[in-house]
Amino acid sequence: MGMTMTQKILAAHSGLESVQAGQLILAELDLVLGNDITSPVAIKEFSKLGRDSVFDKDKITMVMDHFAPNKDIKAAEQCKMCRDFCGEKDVTHFYDVGQMGIEHALLPEKGLVTAGNVVIGADSHTCTYGALGAFSTGVGSTDMACGMAIGKAWFKVPSAIKFNLTGKLRKYVSGKDVILHIIGKIGVDGALYRSMEFTGEGLSSLTMSDRLCIANMAIEAGAKNGIFEVDDITLDYIKAHGAAEPAIYKADDDAEYDEVINIDLSEIQPTVSFPHLPENARTFDEIGDVKIDQVVIGSCTNGRLEDLQAAAEIMKGRKCAKNVRVIVIPATQQIYLDAMEQGLLKIFIESGAVVSTPTCGPCLGGYMGILAKGERAIATTNRNFVGRMGHPESEVYLASPETAAASALTGRITSPWEVMNK
Amino acid sequence: MKYTGNVIKYGDNIDTDVIIPARYLNTSDHAELASHCMEDLDKTFVSRVQNGDIITAGQNFGCGSSREHAPIAIKANGVSLVIAKSFARIFYRNSINIGLAIVECPEAVDGISEGDKVEADMDNGIIRNLTTGKEYRTAPFPEFIQKIIENNGLIQSIANGSIQ
């Protein structure tokens with residue numbers, strides 16, 4: 001029987017000729033990731049194993065991004081614990097303030113992941129690297145601790161849903177609209193325990209930034225992983241970022257899928273997910289007058305250079321609406337630098353937005369943009385659960401950088417088509 | 001393994017942000033995490049939960065973040081078992097890994113009300129509603145899962161040699 005992309009990668013990493021859905025396997029890991037929230041728990045667990053060293057100091061990475069630069073004393077203690085551990089174990093890829101960025105933007109940029117890898121990360125959005133043709137999934141701190149110790153993790157081989165993409169996205173529509181549309185269609189548990197595999201002729205029109213955004217939110221449909229078929233766009237990206245030699249796994253022609261869903265990219269419209277679940281996706285024919293207090297453009301989902309370029313194109317020469325706080329967060333130092341050199345930061349600041357150093361900050365209600373009771377934000381982040389960005393009675397609306405930028409100008413949830421077609 | 005307790009019941013898609021809000025993730029102290037468990041969803045949870053209580057919930061319990069702090073906060077409140085119609089996969093894995101017993105059984109969730117007294121015999125996969133007298137079947141825990149839970153988690157199981 002044929003295998004999916006995911007099944008082929010898992011077979012190759014567990015020394016098996018073939019695997020099938022439901023099979024339990026022990027796979028070799030190419031990279032184990034943690035952040036300043038999840039790593040402290042993992043470090044405590046690791047210490048109980050009584051091991052002097054990690055399995056491979058080059059295959060572990062810790063990124064101080066969630067509450068860093070340290071938001072308070074407790075956050076400082078957590079980062080210090082990670083820093084001390086990585087120093088003691090001589091971990092090569094430890095990223096602290098000055099080098100760090102939001103982990104899922106940083107790792108592809110630094111070339112730490114390549115096609116065909118198996119990656120676990122103690123962060124649910126670790127599924128992002130599926131955009132590079134890797135099997136990559138979020139786990140908890142205990143799995144991270146075991147992964148750091150033995151370089152292996154057990155998995156139940158997932159079945160898959162195939163997304164066959166055709167057509168080309170329209171102007172001011174991007175990867176975020178595609179994934180919000182998909183989650184709206186299948187629900188927040190529509191892909192529970194399964195892979196989401198993206199393929200089809202429509203791939204050629206999706207940039208790496210679109211793909212990273214789509215794979216990033218596979219978890220919001222409950223998926224174990226999201227993965228894109230590798231093409232020249234992927235290979236160019238991998239090469240440009242100095243990642244290891246890619247191993248390309250294509251699904252067999254007779255691979256079994258639970259379901260095949262066809263998506264015509266040319267039909268996707270600007271899409272917004274209403275509180276309090278990412279599946280509450282609406283297009284502008286179903287969105288009335290929704291006033292906003294805050295806009296956040298950033299995060300592991302949409303803090304890449306292309307996202308900032310898209311927002312800047314819309315905000316250039318225009319002013320943010322009165323009484324709306326607009327927060328732009330480049331996801332990495334490199335993106336910050338590129339945005340500065342391209343004049344994007346000037347555009348944001350002149351329009352009335354604030355530009356922050358890289359951090360996950362407001363996305364998870366940490367700091368740098370917390371909402372008061374009754375306030376509303378439109379954000380390019382990935383979750384709009386109750387209390388996600390602050391007070392339990394605040395609201396988060398998920399959208400693309402284009403839609404967030406358009407909304408920043410009007411002070412209400414606004415389609416980029418409305419602003420740009422004037 | 002048998003669990004007996006009174007039921008606290010929740011609905012579908014209970015996410016990890018309401019189980020333990022991220023604003024409290026600047027600590028990994030179990031007691032401190034426990035003190036904020038469910039507070040954005042149910043402010044009464046921490047004050048009314050009793051040692052041994054059982055949580056029941058609908059679809060996709062534990063969706064969202066990979067924070068192990070979520071099952072830790074539930075377990076540190078003395079909850080003995082979570083029964084849901086389905087679990088988000090990272091939460092499922094994390095719960096077993098830290099030694100929190102959890103099981104999927106949609107029929108039991110539909111047949112159990114808030115405050116009912118429930119006994120779950122997980123060696124045999126039988127959930128009894130002692131209040132109504134109804135009985136529900138589910139898959140028993142495999143031996144290795146029992147070992148992990150008995151030893152208070154995967155790490156302890158490996159460290160003490162229960163899991164090789």
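Reader: In E5(B), which residue is the bridge partner of B:Gly5?

Author: The partner of B:Gly5 in E5(B) is B:Val118. Please bear in mind that this is a predicted model, where local features need pLDDT of at least 70, side-chain atom pairs count only at pLDDT 80 or more, and totals for chains, interfaces and linings use all residues. Residues are numbered from 1 along each chain as its sequence is written, while chains are lettered from A and ligands numbered from 1 in the order in which they are written.

Reader: What makes strand E1 and strand E5 of chain B a pair?

Author: Two strands pair if DSSP finds at least two bridges between them. Strand E1 (residues 2-9) and strand E5 (residues 117-121) of chain B are joined by five bridges and run antiparallel, so by that rule they are a pair. The strands themselves are DSSP runs (E, at least two residues), as are the helices (H or I, at least four residues), and both are numbered from the N terminus. Chain B has eight helices and seven strands on this count.

Reader: Why are E4 and E7 of chain B said to stand at the edges?

Author: The seven strands form an open sheet in the order E4-E3-E2-E1-E5-E6-E7 of chain B, with mixed pairing. Strand E4 (101-104) and strand E7 (135-137) of chain B each have a single partner strand, so one side of each lacks a neighbour in the sheet. From one strand to the next, the twist averages 25°; such angles are taken between N-to-C directions and run from 0 to 180 degrees, with axes fitted as lines to C-alpha atoms, for helices over the stretch in contact.

Reader: How do you know that the radius of gyration of chain B agrees with a compact globule?

Author: The globule rule is 2.2 Å times the number of residues to the power 0.38, with the radius taken over C-alpha atoms. For 164 residues a compact globule would come near 15 Å, and chain B has 15 Å, so the two agree. Along its principal axes, the C-alpha trace of chain B spans about 45 × 40 × 25 Å.

Reader: Now to chain A: why is A:Ala68 called buried?

Author: A residue is buried if 20 or more other C-beta atoms lie within 10 Å of its own, exposed if 12 or fewer, and partly exposed in between, with C-beta atoms placed from the backbone. A:Ala68 has 26 other C-beta atoms within 10 Å, so it is buried. A:Ala68 sits in the loop between E3 and H3 of chain A. Leaving aside residues up to four places away in sequence, A:Ala68 touches A:Asp36, A:Ala75, A:Cys79, A:Val97, A:Met100 and A:Thr359. Contact here requires C-beta atoms, placed from the backbone, to lie within 7 Å.

Reader: What makes helix H13 of chain A largely enclosed?

Author: Nine of the ten residues of helix H13 (residues 401-410) of chain A are buried, so the rest of the structure largely encloses it. Among them are A:Pro401, A:Glu402 and A:Leu409. After H13(A) comes A:Gly411, with a positive phi near 80°.

Reader: How do you know that both faces of strand E6 of chain A are covered?

Author: In a regular strand the side chains alternate between the two faces of the sheet. In strand E6 (residues 135-138) of chain A, A:Phe135 and A:Thr137 on one side and A:Ser136 and A:Gly138 on the other are all buried. E6(A) is joined in parallel to strand E5 (residues 118-121) of chain A by four bridges, and A:Phe135 is the bridge partner of A:Val118. The sheet is open and parallel, in the order E4-E3-E2-E5-E6 of chain A, with strand E4 (93-95) and E6 as its edge strands.

Reader: Which residues touch the most other members of the largest nonpolar core?

Author: A nonpolar core is a set of buried Ala, Val, Leu, Ile, Met, Phe, Trp, Tyr and Cys residues joined through C-beta atoms within 7 Å. The largest holds 204 residues, and A:Val295, A:Ala408, B:Val82 and B:Ile83 touch the most other members. Helix H10 (residues 305-315) of chain A gives the most to this core, with seven residues.

Reader: How many residues does the contact take from each chain, A and B?

Author: The contact takes 41 residues from chain A and 35 residues from chain B. On the side of chain A that touches chain B, 18 are nonpolar, twelve polar and eleven charged. Ala, Val, Leu, Ile, Met, Phe, Trp, Tyr, Cys and Pro count as nonpolar, Asp, Glu, Lys and Arg as charged, and the others, Gly among them, as polar.

Conventions: Two residues are in contact if their C-beta atoms, placed from the backbone, lie within 7 Å.
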